[in-house]
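Hi,

Here is the structure I promised to pass on. Have a look first, and my notes on it follow below.

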Amino acid sequence: MSRAVRRAAAGLAAAGAALALTAPPASAHTSLTATDPAANATIAPPAQIVLTYADPVQLPQVVLTDAEGGRHEAGKAQAVDNKVTEAVKGTLPNGVYTVGWRVVSPDGHPISGTYKFTVTGSTGAAGTGGPASAPAAKAADGGSGGSGGWLWIGLIAAVVVVAGGGFAWYRRTSGASAQK
Ligand SMILES: [Cu+2]
């Protein structure tokens, strides 16, 4: 009887050990292993944000906000293997910026986080780092034809003017109605 119990216990232990050996590694979320710019770094204006994870990731989202909530990322984030890259719009003026990110782990779980860095020594004065400066820089690189570049600048300037006017109008009207 006691031998049978011992045998059963030994069998259970062996089964448990086999299960532990054959079970897939506990599928954990991936994790952020490195960032460029580094968290809490004080640096010259970066051209892009590069986030490195422990595993390949999908569906990346990155937002870059200044202290006033203004957005400075350009286009969509790109994920290649375990690296996510997000371009920065124009030259960041001096100040503190927050990077907010979200990716989907290999196990299908989304993870997200934020960190801050500080820009110093920037030649981009506050208010001039807007949408028009990025295409202007590209046109100066000679990447697109001269007239094409100017067409884009004009188009974007028009969009900015229209959007700015609309926003001002919205603020006026909503402010007026809120006061009454
Ligand atoms: Cu997970």
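Let me start with a term: rings of Phe, Tyr and Trp (its six-membered ring) pair if their centres lie within 6.5 Å, and planes under 30 degrees apart count as stacked, over 60 as edge-to-face and the rest as tilted. By that rule the structure holds 2 aromatic pairs. Before going on, please note that this is a predicted model, where local features need pLDDT of at least 70 and side-chain atom pairs count only at pLDDT 80 or more, while totals for chains, interfaces and linings use all residues. Residues are numbered from 1 along each chain as its sequence is written, and side-chain values use heavy atoms, with hydrogens and water left out.

Back to the rings. Tyr-53 and Trp-101 have ring centres 5.3 Å apart and planes at 75°, so they make an edge-to-face pair. Tyr-53 sits in strand S3 and Trp-101 in strand S7, so this pair ties together parts that are 48 residues apart in sequence. (Strands are DSSP runs of E, at least two residues, and helices are runs of H or I, at least four, numbered from the N terminus.) Both Tyr-53 and Trp-101 are buried; that means under 20% relative accessible area, with exposed over 50% and partly exposed in between (1.4 Å probe, protein chains only).

The other pair, Tyr-97 with Phe-117, is stacked, at 5.9 Å centre to centre and 25° between the planes. Tyr-97 belongs to strand S7 and Phe-117 to strand S8, so here the parts tied together are 20 residues apart in sequence. Tyr-97 is buried at a relative accessible area of 2%, and Phe-117 is buried at 1%.

Phe-117 turns up again in the largest nonpolar core, which has 18 residues; Ile-49, Leu-51, Tyr-53, Leu-64, Val-84 and Phe-117 touch the most other members. Such a core is a set of buried Ala, Val, Leu, Ile, Met, Phe, Trp, Tyr and Cys residues joined through side-chain atoms within 4.5 Å.

What about the sheet? An open sheet of 4 strands runs in the order S2-S8-S7-S4, with mixed pairing, where two strands pair if DSSP finds at least two bridges between them. S2 (42-43) and S4 are the edge strands, each pairing on one side only. Between S7 and S8 the pairing is antiparallel, over 10 bridges, and Gly-95 has Val-119 in S8 as its bridge partner.

Now for the metal. The copper ion is coordinated by His-29 (ND1), Asp-107 (OD) and His-109 (ND1) at 1.9 to 2.0 Å. Donors here are N, O and S atoms within 2.8 Å of the metal (3.2 Å for Na, K and Ca), and water is not among the atoms, so sites may look incomplete. Along the sequence the donor residues are spaced H-x77-D-x1-H. Asp-107 is partly exposed at 23% relative accessibility, and His-109 is partly exposed at 37%.

A few backbone details to finish. The peptide bond from Asp-36 to Pro-37 is cis, with omega near 5°, and Pro-37 is in the loop between strand S1 (32-36) and S2. Leu-59 is not a glycine, yet has a positive phi of about 50°; this residue lies in strand S4 and is exposed at 60% relative accessibility. Asp-81, also not a glycine, has a positive phi of about 55° and is exposed, with a relative accessible area of 53%.

Cheers
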